Amino acid sequence: MPVLQGQWERLDQFRWKIPKSSKAGMRVDGVIYASEEMMKDIASDKALEQVANVAFLPGIVKYSLAMPDIHWGYGAPIGGVGAFDIDDGGVIAPGFVGYDIGCGVRLTRTNLHEDDVLPKLADLVNVLYNDIPAGVGSTGDIEVSAKDERKLLVEGAAWVVGRGYGVREDLEYTEDRGAMKGASPDAVSDRAYQRGRNQSGTLGSGNHFIEVQVIDEIYDEAAADVFGIEKGLVTLMIHSGSRGLGYQVCDEYSKEMIRCLAKYNINVPDRQLACAPVNSGEGKAYLGAMKCAANYAWANRQCIMHLARHAFEKVFHAGPKDLGMDLIYDVAHNIAKIEKHEIDKKERTLCVHRKGATRALPPGHPDLPAKYSKIGQPVIIPGDMGRNSYLLVGTKKAEETFYSTCHGAGRRLSRTAAISACRGRSIAAELKSKGILVMSSGRETLAEEAPEAYKDVKQVVGVVDGAGISKKVCRMRPMGVIKG
Amino acid sequence: MKRYEQFPHTADIGVRVYGKDPKELFENAAFAMFDIIADLENLSGDTVEDFELEAPDREALLVAWLDELLYNFYTKQLIFYKFQIEELTGTRLKARATGRPVGANRNRLKTEIKAATYSGLKIKASDGACEVEIIFDV
């Protein structure tokens, strides 16, 4: 069911344009970052139409963007980026952030080398699996009272660090120090609180994971030195989000925004893109609630990292100093943020939506931790569980993407197609033969998440590096994976 | 008649649901969702929940119905497997769902559905047959 067949043109080696003339109602062009080979896959479903649909939204600036891991989502495509001028009727759309608000990844280094971990890998994977609750609707042992929950939503990762889940230094290396300012707990319904209860420190399900990795290639020695990493060193990556609380916030505000379409006379081709002006009452309320959910997600990953550090301490009988599990960075990839950008030599205030896309600040940006000022913001790109993941940094060139880049491999096969491709096979055994230990709580998760269900992350990273919107630092290979 | 089938969707789960009338369509949509969430085979139980919902139109009502069931699944830890739409207009429904506590059935759980989305949602109705495609965020 390809759509917009043939209605895109090549801009340069890595960029493709969907002219605004291809669908009546588009306010700007669509621009997709991809290689020629990837474009064939991308054009085979409704992803490009979703890029065009985003271009309908009021106040959109320059173009509707898609990163090379673009794939068919709901409303906006996964891998979509859109910036809206808040002083020019620009909107905010819950469906363009997604249900898993604040979903993201964090990466920690360790002092361990591959040889230190290999003899204990099975133990380590077991302990991580047992100590970090995962699976459908998983709840954990971290109990937060209703009153404290409101504090958690405002203070984010700092609140859980204050309760002993981590160290102050972790906050320095978390996007927005683990809490967006201006979160309003009153904008979060009782039902959302209810759905998020006791889910702090839980991984969730689907593509969320914890991965023990080893660095197997360095591309940028200088940046690697700043991160304190080298070839052969073990890293830990965590991918999770805002759990039930975020899903419920998106759900409720999506319904509310449908009513806004008539109220503000907004025309969208898909109701999942329902939106309201950022400066309207509804827009402000959603933004306040969305920030709460994002803060919850940062707190959640902070708790998971804390539990994972303890698991390492248990298995290696070593203390925090010996293990050196310092956070390299934590960054969200489902979020909307109010940011200042220079557009045509004028500073404008934009509401930048990134849905399956990562913020990537350039060297010298004021929001960077001092230590990263010279190299730019770390960008963490997980691959599938059988192939590599990457660490990159932001660049000045990414001003053309509102300082945004890709977020992962991007799916290639639907879950059903992946399950049928894996029928009669043991994915765990196949991965084990490649030296990768995998544990999962979901019955079908391993087949759904099989490596072949994903695009090769190498190609995705090749495009953003080639186009210059971020720069490769190193590559990691999975050793042990815990899936939700 | 087939109650539903999955269609390929790259990132999420898409289902095409069938029903002889809108009531049955709503019942089968709920069944499809829980059939994805959990293994319903031979599941029995008699925990009953009643629902009364309103929405601006029938599509929005379908999403509201599914999301209400999801909310009850997560917060009350109930796996629903039987659904009865008692009243249905274009904007309002009354329904009853029967289920069983997750409890010892945790091993039946398969997939975490975050929400039913509005994306491309359109109920098609003709004589004696209704159909709708729903995308679930997973």
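Arg271(A) and Asp57(B) form a salt bridge between their side chains, at 2.8 Å from N to O; the term covers a side-chain nitrogen of Lys or Arg within 4 Å of a carboxyl oxygen of Asp or Glu. The model is predicted, with local features needing pLDDT of at least 70 and side-chain atom pairs pLDDT 80 or more, while totals for chains, interfaces and linings use all residues. Residues are numbered from 1 along each chain as its sequence is written, chains are lettered from A in the order in which they are written, and side-chain values use heavy atoms, leaving out hydrogens and water.

The table gives totals for the two chains. Contact means heavy atoms within 4.5 Å. Buried area is the accessible area (1.4 Å probe) that two parts lose on being put together, summed over both.

| Item, chain A with chain B | Value |
|---|---|
| Residues in contact | 39 of chain A, 39 of chain B |
| Buried area | about 3,300 Å² |
| Salt bridges | five |

Of the buried area, 52% is on carbon and sulfur atoms. In chain A, Trp72(A), Val136(A) and Arg443(A) lose the most area to chain B, together 20% of what that side buries.

Within chain B, helices α1 (residues 22-37) and α2 (residues 58-76) pack at an angle of about 40°, their axes 11 Å apart. Helices here are DSSP runs (H or I) of at least four residues, numbered from the N terminus. Axes are lines fitted to C-alpha atoms over the stretch in contact, and angles run from 0 to 180 degrees between N-to-C directions. Among the residues that meet are Phe26(B) and Met33(B) in α1(B), and Leu62(B) and Trp65(B) in α2(B).

Note on methods:
Helix = DSSP H or I, 4+ residues; strand = E, 2+ residues; numbered from the N terminus.
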